[in-house]
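Subject: The model you asked about

Hi there,

Have a look at it first, then read on.

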Amino acid sequence: MEYSLLIIDDEKDILELLARTLELEDYHVYKATNGKYGRKILEAHKIQVVLTDIKLPDINGIALTEELKKISPATEIICLTAFGSIQDGVKAMKKGAFDYLVKGDDNPKIIPMVAKAAEKARLQFRIRHLEEKVSKQYGFENIIGKSNLIREAMELSRKVASSATTVLLTGATGTGKEVFAHAIHAESPRKNESFVALNCSAFGKDLLESEMFGHKAGAFTGASRDKKGLIEEAHEGTLFLDEIGELHPGLQAKLLRVLESGTFIKVGETKETTVNVRIIAATNHNLEHEILQGNFREDLFYRISSFTIRLPGLDERRKDIPLLAEHFMRQFSIRMQKKIKSIHQDFLQALQVHFWKGNIRELRNVIERAVILCENEQLTKDLLPFNFQYTGVQGVSAGVFKLQDVEKSHILNVLHYTQGNKTKTAELLGIGLTTLYRKILEYDLE
């Protein structure tokens, strides 16, 4: 790998000598005679190592070191000092410099020091590249959808991401709550720290308490050593609690303490552990109803619901179905090394009129199955499961048998057909506008 260096020195003889010495070691060298031009070079090029004189005509090298580290934090800086200004080199190191060299006295150290700095910079650039890659993988740009409801949810999520506020994501199963939690974390100041996910419905009370809060050795049978809980694992980062409505009331009290004081006590321990963690919770339950039933603490609800974001189901964002289908088609085609280029209109039409109980998760599974079965360059309707093959005369998917599900699906289809025009929808359904509004409220269609 060829490393790029930048040398900043107003003494041209020294500048040329250093440049020539390092070029003979196969470094690509940029040169600048003042701090202003050096900054411009660093902004325009990927530089692993900067060698800068402490005494420059336009800026002190200590201040320049601080500026350069802000421009490119992964770049390593070596300061060049005169014998009498070693103290300045030490100050520069406190501002982020890799090390310093005394002009004339430390010439034998130049090449090995630059090599060490370049290797450290290489690793730093690699880490930052991976962090950016992860951020792009989980960022909001990977959330598919143009419908108003999903765009509103994304806008709210972007606004809250930069804060430390607890977020509650609500919505039916499969609407993408964990995807949104990842995106909020990836856009937050905590993006370089841990994102830890826990499904609160996946464990019994005792095991869940140990998973969340950790335990001391000997706390219970089988606890042979100390264990960190996931809350502690997420210290300085984000803890995503999926299905928080399933959390046992006793654990709800411990979680409330974490939210209010940042402290908790591990199973079998007496002293407190302090954490700094952001909580993002998710549920497909009506937590206010769970409060009335005595299943969820009201004080915890108010603590986690200060910023609530509702994620719409696919039936509320049908215009996004073709976009999602194409996205999953490309994703699975690459994964399975297939050359599928398009989706037939009949395939998309069948998706559009289907009643998606499992929402995006169900759609993803349907597309994955179709890609597995596909033997040409287009997804066609015959690749869909049996209940997609035939639709009722009014576009209701086969397999939807309950009367209320049929009615809900049909109203949605007609609303989709009229592009949300309720007066036209009521007219086509042969019912009064008041009745339509009552049905929309009853089936929670808005």
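Let me begin with the pocket. The largest pocket is lined by 29 residues, and those nearest its centre are Gly176, Val179, Phe328, Ile360 and Arg364. Please keep in mind that this is a predicted model. The volume of the largest pocket comes to about 900 Å³. Which elements supply its lining? At least two lining residues each come from helix H5 (110-138), helix H7 (177-186), strand E10, helix H13 (321-335) and helix H15 (359-373).

Five of its five residues are buried, so E10 is largely enclosed by the rest of the structure. Both of its faces are covered: Thr238, Phe240 and Asp242 lie on one side, Leu239 and Leu241 on the other, and all are buried.

E10 also belongs to a sheet. Five strands make up this open sheet, with parallel pairing, in the order E7-E10-E13-E6-E14. The edges are taken by strand E7 (195-199) and strand E14 (308-310); each has a single partner strand, so one side of each is left without a neighbour in the sheet. From one strand to the next, the twist averages 20°. Helix H6 (residues 148-161) packs on the sheet and touches strand E6 (167-170), E13 and E14, and its direction makes about 155° with that of E14.

If you want to follow the pairing of E10 residue by residue, here are its two neighbours:

- On one side, E7 and E10 pair in the parallel sense over five bridges; Asn199 has Asp242 in E10 as its bridge partner.
- On the other, four bridges join E10 (residues 238-242) to strand E13 (residues 278-283), again running parallel. Thr238 has Arg278 in E13 as its bridge partner, and Leu239 stands opposite Ile279 in E13.

Now to the start of the chain. Is strand E1 (residues 4-8) enclosed or open? Five of its five residues are buried, so E1 is largely enclosed by the rest of the structure. Ser4, Leu6 and Ile8 point one way from the strand, while Leu5 and Ile7 point the other way, and all are buried.

E1 pairs with strand E2 (residues 28-32) through five bridges, and the two run parallel; here Ser4 stands opposite His28. Together, E1, helix H1 (residues 12-23) and E2 make a right-handed β-α-β unit. E1 is also joined by four bridges to strand E3 (residues 49-53), running parallel to it, and Leu6 stands opposite Val50 in E3.

Two single residues may be worth a click in your viewer. One is Thr52, which is found in strand E3. Its relative accessible area is 0%, below the 20% cut-off, so Thr52 counts as buried. Leaving aside residues up to four places away in sequence, Thr52 touches Ile8, Leu64, Ile77, Ile78, Cys79 and Leu80; Ile8 is one of the buried residues of E1.

The other is Ala370, in helix H15, a helix that supplies at least two residues of the pocket lining. Ala370 is buried too, at 0% relative accessibility. With residues up to four places away in sequence again left out, Ala370 touches Phe347, Leu379 and Leu383. The C-alpha atoms of Ala370 and Lys381 are separated by 9.0 Å, and these residues are 11 residues apart along the chain.

Conventions:
Residues are numbered from 1 along each chain as its sequence is written. This is a predicted model: local features need pLDDT of at least 70, side-chain atom pairs count only at pLDDT 80 or more; totals for chains, interfaces and linings use all residues. Side-chain values use heavy atoms; hydrogens and water are left out. Two strands pair if DSSP finds at least two bridges between them. Axes are lines fitted to C-alpha atoms, for helices over the stretch in contact, and angles run from 0 to 180 degrees between N-to-C directions. Contact means heavy atoms within 4.5 Å. Buried means under 20% relative accessible area, exposed over 50%, partly exposed in between (1.4 Å probe, protein chains only). A crossover is right-handed if, with the strands pointing away from the viewer, the path from the first strand over the helix to the second runs clockwise. On a 1 Å grid over the protein atoms alone, a cavity is a set of points where a 1.4 Å probe fits but cannot get out, and a pocket is an open set with protein on both sides within 12 Å along at least five of seven lines; lining residues have an atom within 4 Å of a point. Grid points are joined across faces, edges and corners, and a volume is the space filled by probe spheres set on the points.
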